[in-house]
Amino acid sequence: MDDAEAPDLQEIDGGVDLIVPDESAEWIALHRTDITEDLCAEYARSVYRDYLGMEPFFPDGIGSVLDIGGGQGGLLAMIAKRTGARPYLMDGSGLALRRTNMNIAMDPYNDMGSARRLLEANGVEPVLLDLSPDATVPVDLIISTLSWGFHYPSSTYEPLARRSLDTGGRVILDIRKNGLGEGFTEIGCIKRVSGKADRICYERI
Ligand SMILES: C[S@@+](CC[C@H](N)C(=O)[O-])C[C@H]1O[C@@H](n2cnc3c(N)ncnc32)[C@H](O)[C@@H]1O
């Protein structure tokens with residue numbers, strides 16, 4: 001499904017139940033450059049639309065979910081809230097985007113303190129993890145929007161995903177070119193993202 005075919009954000013207003021504190025706004029402006037006005041409310045709606053597209057691809061019974069490069073953690077909060085899954089957020093704090101003038105690959109431009117507060121405002125207690133491709137994080141689902149596979153290669157965290165997921169576990173990420181290989185099978189394409197990437201769901205085999 002292309003963005004153009006997704007439900008109109010105004011039409012899905014009623015289902016949005018995400019609390020986004022004002023302090024997240026400056027980070028949302030960096031992370032979601034398609035959102036330019038009414039940042040917190042639009043982010044909540046945008047995250048909800050992401051959630052609706054992904055939900056049919058979730059594995060049965062999610063006990064835990066890892067968001068790699070999850071930014072302010074809105075999507076992770078929504079998944080945790082709606083499924084009861086334990087949320088793990090892997091990102092960092094930094095201003096790479098401003099510091100390096102758009103050279104954002106492989107460098108955090110986020111604030112983990114405000115991400116934590118967003119998650120807690122939504123009644124979920126996150127586990128915050130530093131950026132570490134060498135980690136093993138045993139979870140049922142790994143997600144990444146506009147980050148892994150989009151700003152840096154899919155190979156970056158592919159071994160982490162292979163180690164972390166049991167058979168049947170799933171990965172959903174935005175792929176610009178090379179997708180996941182050994183140990184994964186593609187389940188489906190959720191949508192086209194920003195005309196540059198495909199949001200793909202893989203299953204660990
Ligand atoms: C465009 S933002 C997307 C944030 C969030 N996923 C969203 O959809 O709103 C990219 C995120 O990737 C993070 N990032 C940058 N380099 C990274 C890396 N090497 N590993 C993990 N995250 C990274 C940034 O800090 C930032 O939060």
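## Sheet, helix and ligand shell in a predicted model

Helix α3 (residues 74-83) lies across β1, β2 (86-90) and β6, at about 170° to β1. Helices (H or I, at least four residues) and strands (E, at least two) are DSSP runs numbered from the N terminus. Axes are lines fitted to C-alpha atoms, for helices over the stretch in contact (C-beta atoms, placed from the backbone, within 7 Å); angles run from 0 to 180 degrees between N-to-C directions.

This is a predicted model: local features need pLDDT of at least 70, side-chain atom pairs count only at pLDDT 80 or more, and totals for chains, interfaces and linings use all residues. Residues are numbered from 1 along each chain as its sequence is written.

The strands form an open, mixed sheet of seven in the order β5-β2-β1-β6-β7-β9-β8. Two strands pair if DSSP finds at least two bridges between them. Neighbouring strands are turned by 20° against each other on average, direction ignored. β1 and β6 pair in the parallel sense over three bridges, and L66 has I142 in β6 as its bridge partner.

| β5, edge strand | residues 127-129 |

The ligand is surrounded by 19 residues, the closest being G69, G71, P108, T145 and S147; a residue is near if its C-beta atom, placed from the backbone, lies within 6 Å.

The average pLDDT (the predictor's confidence in each residue, from 0 to 100) is 90, and 87% of the residues score at least 70. Over residues 7-11 the pLDDT is below 50. Where pLDDT is low, the predicted coordinates should not be read in detail.

Conventions:
Two residues are in contact if their C-beta atoms, placed from the backbone, lie within 7 Å.
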